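Take the structure first, then the notes below.

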Amino acid sequence: MAFTLQIGEKAPSFSLPATDGKNYTLSNFSKAKTLVIFFTCNHCPFVLGSNPVTKRTAEKYKDQGVQFVAINSNSEQTHPADSFEHMVEQMNDKHYPWLYLRDNSQKIALSYGALRTPHFFVFDENRHLVYTGRELDNPRQPEKATVNNLDQALSEITKGHPVSTPLTNPIGCNIKWEGKDPHWMPGEACDLV
């Protein structure tokens, strides 16, 4: 069985606290035509480099029924900057156009098969996976990026077309798993393509 959720599979459910003080489940986003769930964090240079692009992409497709939801599953013992308190600070400072959820148990990262930060999962109206992988081919230095796979996928989806490249390898820092070396990845985890 593959570690990462496969194209066509349904979005795993969740119930997680967000930086706005509320708890959210998958059903809270039922009105979104397209749901982008992405695993991220507070400190990774690939996340920090690409967040401004992600913000523009979220704003670009907002009026077309696309909703972004960010999840931080990183162990704060491994990287203290990924604590919930720092998540709140980041959202208060940056005002990102997405909800920022905390997966403290890391069960949601495992259910989706998140590999890196950032790692994007795009679901259609029926919550079947239609795209997973990276946003940019150079998230750390977005000015040097030559392709935005997430934008391409969302452009196709919102026009009613199938996603021409549904699978790419996420580029970023490893998810920081509780009690493991910062560079550890589950044995069954591997490149997607």
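## Helix α1

Helix α1 bends by about 45 degrees at asparagine 51. The bend at a residue is the angle between axes fitted to the seven residues ending there and the seven starting there. A proline, proline 52, follows within four residues. Helices (H or I, at least four residues) and strands (E, at least two) are DSSP runs, numbered from the N terminus.

The 17 residues of α1 (residues 45-61) should span 24 Å at 1.5 Å a residue. The expected span is 1.5 Å times one less than the number of residues. The end C-alpha atoms of α1 are 25 Å apart, which agrees.

## Basis of the model

This is a predicted model: local features need pLDDT of at least 70, side-chain atom pairs count only at pLDDT 80 or more, and totals for chains, interfaces and linings use all residues. Residues are numbered from 1 along each chain as its sequence is written, and side-chain values use heavy atoms, with hydrogens and water left out.

## Burial of α1

Buried residues of α1 (buried: under 20% relative accessible area, 1.4 Å probe, protein chains only) include Phe46, Val47, Asn51, Val53 and Tyr61. Their cover includes β3 (34-40), β4 (66-72), α4 (149-158) and β9 (173-174).

## Cysteines

The count comes to one disulfide, defined as a pair of cysteine sulfur atoms within 2.5 Å. Cysteine 44 is joined to cysteine 173, S to S 2.5 Å. Cysteine 44 sits in the loop between β3 and α1, and cysteine 173 in strand β9, 129 residues apart. The link is right-handed, with 90 degrees about the S-S bond.

Cysteine 44 is buried, at 0% relative accessible area. Cysteine 173 counts as buried at 14%. Cysteine 41 is in no disulfide; the nearest cysteine sulfur, that of cysteine 44, is 4.9 Å away.

Note on methods. Buried < 20%, exposed > 50% of the residue type's maximum accessible area, 1.4 Å probe, protein only. Contact = heavy atoms within 4.5 Å.
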